[in-house]
2 protein chains.
Amino acid sequence: MWRGLIDKYLKYLPVKNINNIVSLYEGNTPLIKANWLSKRYNIELYLKFEGANPTGSFKDRGMTYAVTKAVENKSKAIICASTGNTSASAAAFGARAGLKTIVILPEAKIAKGKLSQAMIYGAEIIPIKDNFDRALEIVRKLTEKYSLTLVNSLNPFRIEGQKTAAFEVADQLGKKKLDILALPVGNAGNITAYWKGFKEYNETEMIDYLPKMYGFQADGSAAMVQNKVIKKPETIATAIRIGKPVNRDKAKIAVNESKGLFHSISDQKIKEMHKILASKEGVFVEPASTTPIAGIINLIENGYNLKHKKIVAVLTGNGLKDQEFVLNNYDLPVGVKGNLKHIENLINLMD
Amino acid sequence: MWRGLIDKYLKYLPVKNINNIVSLYEGNTPLIKANWLSKRYNIELYLKFEGANPTGSFKDRGMTYAVTKAVENKSKAIICASTGNTSASAAAFGARAGLKTIVILPEAKIAKGKLSQAMIYGAEIIPIKDNFDRALEIVRKLTEKYSLTLVNSLNPFRIEGQKTAAFEVADQLGKKKLDILALPVGNAGNITAYWKGFKEYNETEMIDYLPKMYGFQADGSAAMVQNKVIKKPETIATAIRIGKPVNRDKAKIAVNESKGLFHSISDQKIKEMHKILASKEGVFVEPASTTPIAGIINLIENGYNLKHKKIVAVLTGNGLKDQEFVLNNYDLPVGVKGNLKHIENLINLMD
């Protein structure tokens, strides 16, 4: 029976007492073959669907370990800054552990679904009229002054927990050797975690290869691509709307060591891929999660030869978290009377 | 590597050609121990978290098989009536299979998240100014007249696919013998499917017990409890707002054979349990999914002795599907300036 990531990968995620593990049975997410895209672009593309996690994003992987360690250290409260997914995850694991959870969010640009999560899980929520980078600055100062456990990815246990995604991808691929791991880059913690995971799995002889790490950003918040702080990050992909990635140095190392790259794409390409992924593959993700796929295809269209490459794209968050993106960008169908004849005429039944 | 339910349970879900399987790697959802509730009510309660499925509900279990069979039968289009979850699932699997998908929905009472799913997956959507029961009537008439595959739970392959949830629960419990399987009842397909699954697993000697089936409804749409058609079903639990359950006869048999029961609870109890489940267990579900737990506790409070019973509550749908329920029922936190001093004063740091 699946009991979550610490139970599964205890060797890589040591704890003092297994009775203190705080888990929502996170992880164990599917690796879905992208049939339509693979055929169309002549690649072997798999989708790591992290939206299947308990709070609908990959953040749960790091949160189980960070909150377990907070309990081990007898912490009474946890705190984080967030563009949404971290706060949802912190609030859920905080609730599970019986800890007070405080989250500081940029008020204007957080997806409603993520806000509703933090609310119902019972976190204390402070929305600020400023951006993520400022929220993180405030959280850091508060943790210096008060006895609060920081659960942003500055907390090293977060990265430790998140590295399990690399283990799962490798386990799921079995004998297949992954060429490229492609993922969205916001605060740059996840690319750092995947690289750490692949290296540890390689060192412990679970795999005999290392994939290249490809990190993708939105043009309007491409701090890694442009190698500078973006003062006013802007993108529809709110989950990666971050101008000053905390883990930028480690992420650079991951890309350099693995001979990977950073690349950015437009909001328009994000929107297009969002629709393609849902309507051709049947997979609904939040906008940020489309960046690795839109990015890979953009590279191919720019002349990169990725033919037959085995590529895993990490789909970091569930589409349901940002359903307004759909409701605001597409026309709602118009209601009609429940009349058979009328509906027969409406539907294109002869297609 | 997990490749979905048909691949896993092929013996119980036969197909003509495994290359035709249409899967989003559904199933394999966690069974989470409800620590807080178990302790408080002196029961052994587990939560089958079906929100982890690819479209966020248990419907994906039946849809993989129904759509695979539609492909086997060379169908070009699928159609369903839905309170939301079925349409999301049909649209996703239809997209994955490259089939046209038509969904007919009650306009007023469908959760926005579910509508956004059907939209982005590319279904043709007809919202009607009427209720679910009328939508289903229209769909049945259309399938009699045109070459469309019905994928409501009248389609027997839906129930076949859904029975895998019973297999998973039994596998996850291992040597523990389940006493009670508790679940929400709307159209009554799922309770029928679970009972079929447990019986098949028992007949094939995978388990040597059979649990009691407890079906829970909302007071305002308690067609099974009251044993009559409810003409104007009303409840905040939109997923089970059904007055004329299609599978009512089979559901009665499931409850009678297993020595189970039907029971209903108020919308107020649904709302209370929705909050408890999120803030004490860290699990966020759509309102209908709280009925089995609110129902079990209501039974205990009414004098039923369920002490130490092993109970699995099926949480049919992800909370993100009905995030308006949170946003409309709780006060949104108020935005403040990103000022450290001000925020220090706001947060209850001394608690």
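Helices α9(B) and α11(B) are oblique to each other, a class left over once angles under 35 degrees (roughly parallel), over 145 (roughly antiparallel) and 65 to 115 (roughly perpendicular) are set aside. In this predicted model, local features need pLDDT of at least 70, side-chain atom pairs count only at pLDDT 80 or more, and totals for chains, interfaces and linings use all residues. Side-chain values use heavy atoms, without hydrogens and water; residues are numbered from 1 along each chain as its sequence is written, and chains are lettered from A in the order in which they are written.

Helix α9 spans residues 189-203 of chain B and helix α11 residues 248-258. Their angle is about 45 degrees, and their axes lie 8 Å apart. Axes are lines fitted to C-alpha atoms, for helices over the stretch in contact, with angles from 0 to 180 degrees between N-to-C directions. Helices (H or I, at least four residues) and strands (E, at least two) are DSSP runs, numbered from the N terminus. The crossing of α9(B) and α11(B) is left-handed: the near helix is turned anticlockwise from the far one by less than a right angle. Ile191(B), Thr192(B), Trp195(B) and Lys199(B) make the contact from α9(B). From α11(B) come Lys250(B), Ala251(B), Ala254(B), Val255(B), Glu257(B) and Ser258(B). Contact means heavy atoms within 4.5 Å.

## Buried residues of chain B

Ile32(B) sits in strand β1, residues 31-33 of chain B. Its relative accessible area is 0%, so Ile32(B) is buried (under 20%; exposed is over 50%, partly exposed in between, with a 1.4 Å probe and protein chains only).

Thr68(B) belongs to helix α3, residues 59-72. Thr68(B) is also buried, at 0%. Leaving aside neighbours within four places, its contacts include Ile6(B), Val15(B) and Met63(B).

## Positive phi angles

Ala188(A) is not a glycine, yet its phi is positive, about 70 degrees. Ala188(A) lies in the loop between β7 (180-184) and α9 (189-203) of chain A. At 3% relative accessibility, Ala188(A) is buried.

Tyr25(B), not a glycine either, has a positive phi of about 60 degrees. Its loop runs between α1 (5-8) and β1 of chain B. Tyr25(B) is buried at 11%.

## Cysteines

The whole structure has zero disulfides over all chains, counted as pairs of cysteine sulfur atoms within 2.5 Å. Cys80(A) is buried at 0% relative accessibility. Cys80(B) is buried, with a relative accessible area of 0%.
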